[in-house]
Amino acid sequence: MDSLNTSLAVLSTVGTVFSAAAAGAALFAVRRANNTADSVARIERDRWHTGLTPRLHLEIQQNPHLRLAVRFDGPAGPRVLDRLVLTIRDDRDRSRDNQLAGTATPEQMATIIWGPYQFRPRMQGVGETGRVAELTELHLDDTWLLALDPSMKPRWYEGADGHQRWHDQYDGTPLRLWAECHAAGHQPWTLPFTITPPTPPETTG
């Protein structure tokens with residue numbers, strides 16, 4: 001009788017172990033299926049989001065004043081950009097440059113727009129520094145015009161030729177910026193742009 005009870009106890013334990021293993025395998029399978037479904041859904045959301053990426057046409061004009069023309073060309077999905085943030089990028093990242101004694105500090109370097117142009121400050125959503133312009137309610141096929149000015153030379157470009165040296169450094173170089181697009185019901189898009197300035201008209205002697 002004791003041996004029978006022992007055998008039943010062993011069988012019960014084995015059954016419990018197998019049941020636990022089966023339950024664990026089933027749980028793993030469910031989690032794996034959920035993860036796969038989440039991955040597929042995420043891929044589809046990303047593909048849908050990419051397919052709705054706004055198309056912007058940006059052009060530097062001089063007619064007769066220097067300005068940046070910004071046109072929202074599509075697609076037809078988000079017909080209105082609730083907010084468009086344009087941020088001028090430097091010609092390169094200077095944050096890791098070696099700092100020499102007597103030269104500008106990283107904080108001072110960061111205040112300079114290292115490129116040919118800046119937005120005209122305090123106009124059409126432009127901040128004090130001239131680096132960022134924020135537009136609101138840009139409708140499909142709408143065009144906004146933003147005044148541009150030549151970028152300001154750093155104060156350490158000293159001497160009578162300081163302005164000319166700064167001008168020569170960026171004469172004819174492209175304007176680089178980020179365009180951060182916001183539309184209701186969508187994640188933002190951040191797009192890079194490099195815009196070639198117009199060729200100056202030839203002068204006849």
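The points that follow are grouped by topic.

The model is predicted, so local features need pLDDT of at least 70 and side-chain atom pairs count only at pLDDT 80 or more, whereas totals for chains, interfaces and linings use all residues. Residues are numbered from 1 along each chain as its sequence is written, and side-chain values use heavy atoms, with hydrogens and water left out.

**Sheet**

- Four strands form an open sheet in the order β5-β3-β7-β8, with antiparallel pairing.
- The edge strands, each pairing on one side only, are β5 (132-139) and β8 (189-195).
- On average, neighbouring strands of this sheet are turned by 25° against each other, direction ignored; such angles run from 0 to 180 degrees between N-to-C directions, with axes fitted as lines to C-alpha atoms.
- Strand β3 (residues 80-88) pairs with strand β7 (residues 175-182) in the antiparallel sense over six bridges.
- Within this pairing, I88 stands opposite L177 in β7.
- Strands (E, at least two residues) and helices (H or I, at least four residues) are DSSP runs numbered from the N terminus, and two strands pair if DSSP finds at least two bridges between them.

**Aromatic cluster**

- Rings of Phe, Tyr and Trp (its six-membered ring) pair if their centres lie within 6.5 Å; planes under 30 degrees apart count as stacked, over 60 as edge-to-face and the rest as tilted.
- By this rule there are three aromatic pairs.
- Y157 and W166 form an edge-to-face pair, because their ring centres are 5.3 Å apart and their planes stand at 90°.
- W166 and Y170 are likewise edge-to-face, with centres 5.0 Å apart and planes at 65°.
- W166 and Y170 are four residues apart in helix α3 (residues 162-170) and are therefore separated by about one helical turn.
- W114, Y157, W166 and Y170 form one aromatic cluster.

**Burial of the cluster residues**

- Buried means under 20% relative accessible area, exposed over 50% and partly exposed in between (1.4 Å probe, protein chains only).
- Y157 is buried at 13% relative accessible area, W166 is buried at 3%, and Y170 is buried at 6%.

**Charges over rings**

- A charge sits over a ring if NZ of Lys or CZ of Arg is within 6 Å of the ring centre and within 35 degrees of the ring normal.
- The charged end of R94 sits over the ring of W114, 4.1 Å from its centre; W114 also belongs to the aromatic cluster.
- R89 lies over the face of W178, at 4.6 Å from the ring centre.
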